[in-house]
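Thanks for coming. I have one model to go through today, so please keep the viewer open while I talk.

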Amino acid sequence: MHEYSIACEIFEQVIETAKAHGALEVRHIILEMGRLAHINPEQLSFCFKAIAEGSIAENAEFAVEMIPPSLECECGYTGTVNETQIGENGGLQSELLEYIAALECPICGKNARITGGRELIVKSIEIETEVET
Ligand SMILES: [Zn+2]
């Protein structure tokens, strides 16, 4: 499963960061996820919990922030599919999506670059550390 290997990477990253800060427990994980990354947040969370079982991240809450896709061209064009164009079923409803899929600038028709929407970043984690008495 695609999500499983991603969850593994996130887990390693989280544990490494948590240990570097002397964490006893990871309480909260905030992820930034591009809408073009084709990752199911629920599956990812499920896989993460399975991997994290018995670790300090076992009870961590998972929060996912979605990043909308955006396109940029050398002619100066930049475009972002904004969240208001996201339909009730979670699908994006925008003409721009077709241009993004074709990597084509809607203005000049040249090759454009995707500048957002494919990322998967551990934005922040919240940890519990030992309190000195
Ligand atoms: Zn252009």
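Which residue stands opposite Ser70 in E4? The residue there is Thr80. Before going on, some bookkeeping: this is a predicted model, where local features need pLDDT of at least 70, side-chain atom pairs count only at pLDDT 80 or more, and totals for chains, interfaces and linings use all residues. Residues are numbered from 1 along each chain as its sequence is written, and side-chain values use heavy atoms, with hydrogens and water left out.

Now the overall layout. The protein has three helices and six strands; helices (H or I, at least four residues) and strands (E, at least two) are DSSP runs, numbered from the N terminus. Read from the N terminus on, the order is α-β-α-β-β-β-α-β-β. Of its 133 residues, 34% count as buried, where buried means under 20% relative accessible area, exposed over 50% and partly exposed in between, with a 1.4 Å probe and protein chains only. Contact means heavy atoms within 4.5 Å. Among contacts between residues at least 6 apart in sequence, 75% join residues at least 24 apart.

Back to Ser70, which sits in strand E3. Three bridges join E3, residues 70-72, to E4, and the two run antiparallel. Two strands are called paired if DSSP finds at least two bridges between them. The open sheet here has three strands in the order E4-E3-E5, with antiparallel pairing. Its edge strands, E4 (78-80) and E5 (113-116), each pair on one side only. The twist averages 25° from one strand to the next; the axes are lines fitted to C-alpha atoms, for helices over the stretch in contact, and angles run from 0 to 180 degrees between N-to-C directions. Ser70 itself is buried, at a relative accessible area of 11%. Leaving out residues up to four places away in sequence, Ser70 touches Gly79, Thr80, Ile100, Arg113, Ile114, Thr115 and Gly116.

Next, helix H1. Its 19 residues should span 27 Å at 1.5 Å a residue, and the end C-alpha atoms are 28 Å apart, which agrees. The expected span is 1.5 Å times one less than the number of residues. Buried in H1 are Glu3, Ile6, Ala7, Ile10, Phe11, Val14, Ile15 and Ala18. Seen down the axis, these fall within an arc of 165°, so they line one face of the helix; the arc is that of the directions from the helix axis to the C-beta atoms. On the other side, Glu9, Glu12, Glu16, Lys19 and Ala20 are exposed. The buried residues of H1 pack against E1, H2 and strand E6 (120-129).

Val122 lies in E6 and is buried, with a relative accessible area of 18%. Val122 and Gln13 are 109 residues apart along the chain, yet their C-alpha atoms are separated by 7.9 Å. Neighbours within four places aside, Val122 contacts Ile10, Gln13, Val14, Ile29, Ile30 and Leu31.

Last, the cores. A nonpolar core is a set of buried Ala, Val, Leu, Ile, Met, Phe, Trp, Tyr and Cys residues joined through side-chain atoms within 4.5 Å. The largest has 23 residues, and Ile10, Ile29, Leu44 and Phe48 have the most contacts inside it. H1 (2-20), E1 (23-34) and H2 (41-52) each supply at least two residues of this core. H1 gives the most, with seven. A second, separate core of 10 residues includes Leu36, Cys73, Tyr77 and Ile100.
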